[in-house]
Structures are given as C-alpha cells and as structure tokens.
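Me: I'm new to this one. Can you walk me through a few residues and their charge pairs?

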Amino acid sequence: MKKLIGYVGMIGLAAASMNAAASDGNWYLGGSAASYYLDSGRDLAGGDLESIDLGPQLGYLRDDGIGFELSYLTDVGGDDLDVVALSLIKMLAEDGIRPFVFGGVSRFELDGNTLEDETTEQLHFGVGLSNMLNDNWELRGDVRALYELSDNNFDGALTVGVNYHFAEPVAAAPAPVAAPEPAPEPEKRTITVRLNVEFEFDKAIVRAIYGDELEAVANAMKAHEDIDLVLEGHTDSRGTDAYNQKLSERRAAAVKAKLTEMYGIPAGRISTVGYGESRPIADNATDEGRERNRRVIGEMSYSEIVVE
C-alpha cells in the first residue's frame with residue numbers, strides 16, 4: 001500500500017504541473033464505480049477475474065475541452081484490486097450529451113487468487129459519454145481497455161461516475177436595450193394593366209364584352225397622367241398583306257376612339273400602330289388560332305406605394 005500511496009503522490013505532482021499551463025477552465029471532484037474484467041492469465045485456475053471497485057476522482061477540464069483526471073478505486077467485493085489512474089481527456093462536443101475519448105496510465109495492486117500478488121502498470125484508453133445535468137453536476141460513463149506492460153495481459157472495465165464542477169457562476173449580462181426599429185421602407189410595387197381586344201373576321205368594331213378591360217385601362221391612365229399608351233393592331237393571315245395592314249390600323253384606331261370618346265382620355269396620350277398579319281401568336285391554320293390573331297393589344301405599367 002505504501003507503493004500505491006507514493007504513486008498517487010507522483011501523479012498528483014504531474015497533474016499540478018499540467019494545470020499550470022492550462023487555459024481557463026474548472027476543477028471537479030466526484031466518485032466512480034467500476035467493474036473490471038481481468039485477463040485469465042492472472043488466475044491460477046485459468047478463469048476470468050472480476051472486481052467491483054469504488055473510489056473518488058479529481059480532475060480539471062479546460063474551456064477547450066481538454067483535461068486530466070486522477071482517480072483511485074478500491075475493491076468492494078471479489079478480488080482485492082486497487083487502481084490508481086491518470087487520464088488525459090478530450091471532449092468532442094460542447095453542449096448536450098458529449099462524447100469524449102481518453103487515455104493514460106494505471107497502476108494495479110492485485111492480491112488474491114492470482115499467480116502472485118501483483119503491482120503492475122497498465123496503459124489504458126477508452127471512449128465515453130458525458131452529460132451536464134446543470135451548471136455543476138455531471139453524469140458520466142465510459143468503457144475502457146487496459147494493457148499490462150510487463151505480462152501482456154489485456155483487461156477491460158466499465159465505469160460510471162458523478163462529478164461536481166466548481167465552476168464560478170457567470171453573472172447575467174444586463175438585458176440589452178432594444179433600439180427602436182426603423183420605420184419600414186414603403187413598398188413600391190409595379191402594376192401592369194394589359195388590354196387584349198379580339199375582333200370578328202374582317203371587322204374593326206370593338207365589341208361590348210371588352211367594356212371592363214377598356215374601363216380598367218382608362219382609370220389607370222386617369223390616375224397616372226404621366227403614362228401614355230401604345231395600341232398595336234393585328235390580323236389573321238386571310239387576305240392580302242396590304243389589306244391586312246390597313247385593317248390592323250383601323251382596329252387600333254377603333255380601340256383608341258373608344259377610350260377617348262367613352263372615357264375622356266386625351267387622344268394625344270394614345271398612339272396606334274398596325275402590324276397586319278406579320279406577328280401571329282397562334283396557328284392561322286385553325287379557326288381558334290385565327291380568332292386569337294385578330295386583336296388589338298396594349299400594355300401600361302406604373303409604380304404604386306403599397307400601404308399595409
């Protein structure tokens with residue numbers, strides 16, 4: 001046992017020197033329970049040895065997730081096993097349930113049903129999970145493998161523990177005073193009004209069914225006096241090019257007349273142009289296509305401020 005106490009002292013000095021170079025972090029103190037499964041080569045009868053150990057641990061964890069831990073475990077039943085271990089720990093996450101890896105050295109003092117009483121050094125490494133229950137209390141568990149340097153024995157252990165972290169409470173920052181939100185920029189929206197008047201074959205008469213479209217265009221022009229309107233006349237492909245050119249011009253003029261005479265739009269704000277049969281939008285081989293091509297179209301766009 002004197003050797004064991006001396007070994008604890010050496011590890012404590014190593015831990016203190018490691019902390020001297022550590023960044024900001026916190027100390028913790030806790031306790032663990034471990035179940036050791038020892039290599040059968042240690043037993044006279046060739047069987048597996050098991051040991052349940054309890055003990056304290058002291059550690060330091062830096063803010064970057066790197067830390068060290070010194071632990072001492074002693075047997076509470078079965079084989080007489082005492083273990084001192086020094087581990088270097090690396091947390092792999094900052095919040096929530098944090099996985100971690102670790103490795104280090106252990107010293108075993110084993111008495112009982114073995115080939116001889118043993119005091120041996122082990123290399124150990126493992127993985128585990130840590131969960132901070134609140135700002136101070138941590139619940140932790142790991143699985144580890146151990147390799148005896150002198151006799152090539154391989155051991156294993158399962159460990160669970162609880163630690164208390166001596167972290168200083170962080171003073172709550174004063175609630176920031178919210179700056180008044182700037183008034184939202186008024187939304188500007190582009191409005192487009194389209195006019196599409198279709199004509200019967202070989203006619204330039206504006207039918208009454210287009211009254212709503214004409215009224216919408218007229219109201220927009222009254223509200224926005226800086227916008228002018230261009231009317232484009234078109235025909236289908238039946239007839240000569242020259243005849244269709246004149247017919248497209250008459251159709252555009254007929255729509256202009258409706259806007260000026262019925263809705264009071266100044267004639268100077270409306271211009272007309274005829275394209276004859278040169279700009280079809282549908283197939284002139286069908287009745288439906290020709291009907292769509294006999295048209296006058298116009299379009300005007302303007303911007304409005306939208307008030308929610």
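This is a predicted model: local features need pLDDT of at least 70, side-chain atom pairs count only at pLDDT 80 or more; totals for chains, interfaces and linings use all residues.

Me: Where does R98 lie?

Reply: R98 sits in strand 5, residues 97–111.

Me: Is R98 buried or exposed, and what is its nearest side chain of opposite charge?

Reply: R98 is buried, yet has no salt bridge. The nearest side chain of opposite charge is E138, 4.0 Å away.

Me: What is R98 in contact with, beyond its neighbours in sequence?

Reply: Leaving aside neighbours within four places, the contacts of R98 include L61, M91, L129 and E138.

Me: Switching to salt bridges. How many are in the whole structure?

Reply: A search finds ten. One pairs R140 with E69, at 2.2 Å from N to O. R140 is in strand 7 and E69 in strand 3, so the pair ties together parts 71 residues apart in sequence.

Me: Why does R140 count as buried?

Reply: Its relative accessible area is 9%, and buried means under 20%. E69 is buried as well, at 7%.

Me: What about D64?

Reply: D64 forms a salt bridge with R62, and their closest N and O atoms are 2.7 Å apart. D64 is partly exposed at 36%. R62 is partly exposed at 23%.

Me: Which residues are linked in a network?

Reply: D236, R238 and R294 are linked by salt bridges.

Me: Last one: where is L139, and what does it touch?

Reply: L139 lies in strand 7, residues 137–148. Among the residues L139 touches, beyond four places in sequence, are L129, G161 and V162. The C-alpha atoms of L139 and L129 are 8.5 Å apart.

Methods. Residues are numbered from 1 along each chain as its sequence is written. Side-chain values use heavy atoms; hydrogens and water are left out. Helices (H or I, at least four residues) and strands (E, at least two) are DSSP runs, numbered from the N terminus. Buried means under 20% relative accessible area, exposed over 50%, partly exposed in between (1.4 Å probe, protein chains only). Lys and Arg count as positive and Asp and Glu as negative; His and the chain ends are not counted. Contact means heavy atoms within 4.5 Å.
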